[in-house]
Amino acid sequence: MDKLTVSEIYASIQGESSYTGFPCVFVRLTGCPLRCRWCDTAHAFKGGKETTVDDVLAQVLEHNIQVVELTGGEPLAQEHTPALMQLLIDAGKTVLIETGGSEDISRLPAKAHVIMDIKCPGSKMHDRNLWSNIEVLKPTDEVKFVIADQADFDWAISVIHEFRLDEKCQILISPAFGLMDPKDLAELVVGTKLNIRMQLQIHKYIWNPKAKGV
Ligand code: SF4
């Protein structure tokens, strides 16, 4: 039986992406091969509970909420994540996956909404970006840059131009929480005149930014 190692399953408000504000069931999977400098989910690096894919599906369906997000850690570091996503899609759910961009997204179901980081130099993980993922992005997918400083911002804009990313899918620009002042980032975003979208992680403004399960 296919199994996943699960850190937590909980209902909350979707706090970032174009689904911001919707009620959402989060399936946080354990483990991540990266170590971003500003990571806010280090509690999901270890531990967790081995759970069958069918059991995860049943726990999600109990919440009776339309939007479901697989997150981590890195949800694509586990083999059976795509199988769970397909089951959720078959059950009629809107399925999001938040991935760090170092794992192959081509194995995901076509109806999945991919929210993929491209790691900037400030994360110290930018050499782990799997650039071939850009070729398989769909117009309904979203690419997110987390910006720690002006150098990260300049780097992100050069990547957007190089790959014409703003013509492929939605672009999200987030300040690294506690490192980049949102007002400064807002000014930079306006200055680009590009069709890109700045976002804040609203769950960190509603609840304690260090809390688990929000
Ligand atoms: S990819 Fe995500 S979970 Fe992994 S270290 Fe970076 S921010 Fe943390």
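Here are legends for a few close-up views of this predicted model. Local features need pLDDT of at least 70 and side-chain atom pairs count only at pLDDT 80 or more, while totals for chains, interfaces and linings use all residues. Numbering starts from 1 along each chain as its sequence is written.

View A. Nine strands line up as β3-β1-β2-β4-β5-β6-β7-β8-β9, with mixed pairing. β3 (49–52) and β9 (197–198) each have a single partner strand, so one side of each is left without a neighbour in the sheet. Strands are DSSP runs of E, at least two residues, and helices are runs of H or I, at least four, numbered from the N terminus; two strands pair if DSSP finds at least two bridges between them.

**View B. Strands β7 and β8 with helix α3.** β7 (residues 142–147) and β8 (residues 170–175) pair in the parallel sense over 6 bridges, and valine 146 stands opposite serine 174 in β8. Helix α3 (residues 150–163) lies across β7 and β8, at about 155 degrees to β7. Axes are lines fitted to C-alpha atoms, for helices over the stretch in contact, and angles run from 0 to 180 degrees between N-to-C directions.

**View C. Helix α1 against α2.** The axes of α1 and α2 (residues 81–90) come within 10 Å and cross at roughly 40 degrees. Val53, Val56, Leu57 and Val60 in α1 meet Ala83, Leu84, Leu87 and Leu88 in α2, where contact needs C-beta atoms, placed from the backbone, within 7 Å.

**View D. Around the ligand.** Cys32, Cys36 and Cys39 are among the residues around the ligand, along with Arg35 and Glu74; the cut-off is a C-beta atom, placed from the backbone, within 6 Å.

Notes: Contact = placed C-beta atoms within 7 Å.
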